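Visitor: I want to learn how to read salt bridges in a model. Could you walk me through some cases?

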Amino acid sequence: MPVPVDLLRQAIGDEHVLTQKHDLLAYSTDATPLQRAMPEAVVLAGSREDIITVLRLAAEHRFPVTPRASGTNLSGGAVPLHGGVVLSCARMNRLLEIDETNLTATVEPGFQNALLQAAVAERGLFYPPDPGSQSISTIGGNVMECSGGLRGLKYGITRDYVMGMEAVLIGGETIRLGGKLTKDVAGYDLVRLLVGSEGTLAVLTEITVKLLPMPAAKMTGAAFFADLEASARSVGRIVADRILPATLEFLDRTTMQVVDESAGLGLPDDAGAMLIFGQDGAVEVVERETRRMAEICREEGAISVEVAATDAEADKLLAARRGAIPALARLAPTLILEDVTVPRSELPAVVRKIQQIALEEELLIAVFGHAGDGNLHPVCCIDDRDPEQVARVHRAFDRIFATALEHGGTITGEHGVGMTKLSHLEDRLGATGIELLRGIKRAFDPLGLLNPGKAVP
């Protein structure tokens, strides 16, 4: 049914309901290339009451709703596939509380990850989840996608830090789940269920996350190898040595080169791979384990190894990893960024197969990612105006997803299923798993109006 724009304007205000074509175009896509669909209207929600109004009217008038915040999604999750209303939570961007007694922070969904990191650091506290998009992505978006980040191996990912939330269901009913409780086994874990639900079950209005004390010390280093497989072997040895690094990231030659050209970091031009390693915690532990990681990399044939002597040098090394995506975007008009995750032991074999697929499909595929938790980011640089090139990209990623599954992995580690990986989901979960997902979706959203066409086939 048509969106009742007049009713939305009466309830929320003219200035916060957008219907002009140029406004709608800005909300027709997210950070996912090749995916676009126009909404009928965009609502810029500023409060819980605004979200309740939209979801009540959606149930009454049967129009779809696509929740979003900063739009950094990489699986088409914020694309309004079936039109209707894009419900933006970006204006709901307040830090509501930092509770130093219970070690929690409570925020609205539009509060940015980097701002939370900075705010709690001023109190000597620490929020570990740090996705690559942290300077723009929001906590609400991080929760809906169950974002990972560079610290995932040691500290876990977003789901490990969400303690409570307030959410609105289709129809406008509000629910509160969890809280500032370390233990709570009353009923099914609905908090965990909503984390990673990609906006298909409910819309968040408030989130409470767990904080940790700031580590006393941290160190960062980098090792440069002839090829990616050598760096992957070092990863396996570091973890086998009972070291759980705070950072363990890798970049291939292509990524290193474009990052260096973009940021002028002075990386060696004769290396085929870069492994960034780091540790945090007690001073003596950090120094001992960082030295040991450097030693392992040398034993595995690293061309050179360096350990940052200052915070500025450490930031320079981490900038190489965080700058990978914008740097690669300079190579071609379109950047297709995917993610698969495999057991750490399978990294060398899977990297080798990705490189082979790139050769066979005649594509430039750079690879970087979270080596410590087996999360690979193959990135294909193409011109999307060439249909034949686009077809080869789709074929290549189909093969990469199949390769990950063959090696005991999964089709996505942190970007989500969205609309881009729906056709591969049954390969991962099986027919029975898909039916369970559909049953959960029906229980929360019987009309199928919340972010339809995403996450659940």
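This is a predicted model: local features need pLDDT of at least 70, side-chain atom pairs count only at pLDDT 80 or more; totals for chains, interfaces and linings use all residues.

Visitor: Which parts of the chain does the pair of K180 and E97 tie together?

Guide: K180 sits in the loop between β9 (174-178) and α7 (190-194), and E97 in strand β5 (residues 95-99), so the bridge ties parts 83 residues apart in sequence. K180 is partly exposed at 33% relative accessibility. E97 is partly exposed too, at 32%.

Visitor: What is the closest N and O distance between R399 and E360?

Guide: It is 2.4 Å, in a salt bridge between R399 and E360. R399 belongs to helix α14 (residues 387-406) and E360 to helix α13 (residues 347-360); the two are 39 residues apart. R399 has a relative accessible area of 30%, so it counts as partly exposed. E360 is partly exposed at 43%.

Visitor: How many residues apart are R438 and E435 in helix α15?

Guide: They are 3 residues apart in α15 (residues 422-444), which means about one helical turn separates them. R438 is partly exposed at 29%, and E435 at 42%.

Visitor: Which residues do salt bridges with shared partners join into one network?

Guide: R233, R237, D241, R292, E295, E299 and E300.

Visitor: How many salt bridges does the count come to?

Guide: The count is 30.

How values were computed: Residues are numbered from 1 along each chain as its sequence is written. Side-chain values use heavy atoms; hydrogens and water are left out. A salt bridge is a side-chain nitrogen of Lys or Arg within 4 Å of a carboxyl oxygen of Asp or Glu. Helices (H or I, at least four residues) and strands (E, at least two) are DSSP runs, numbered from the N terminus. Buried means under 20% relative accessible area, exposed over 50%, partly exposed in between (1.4 Å probe, protein chains only).
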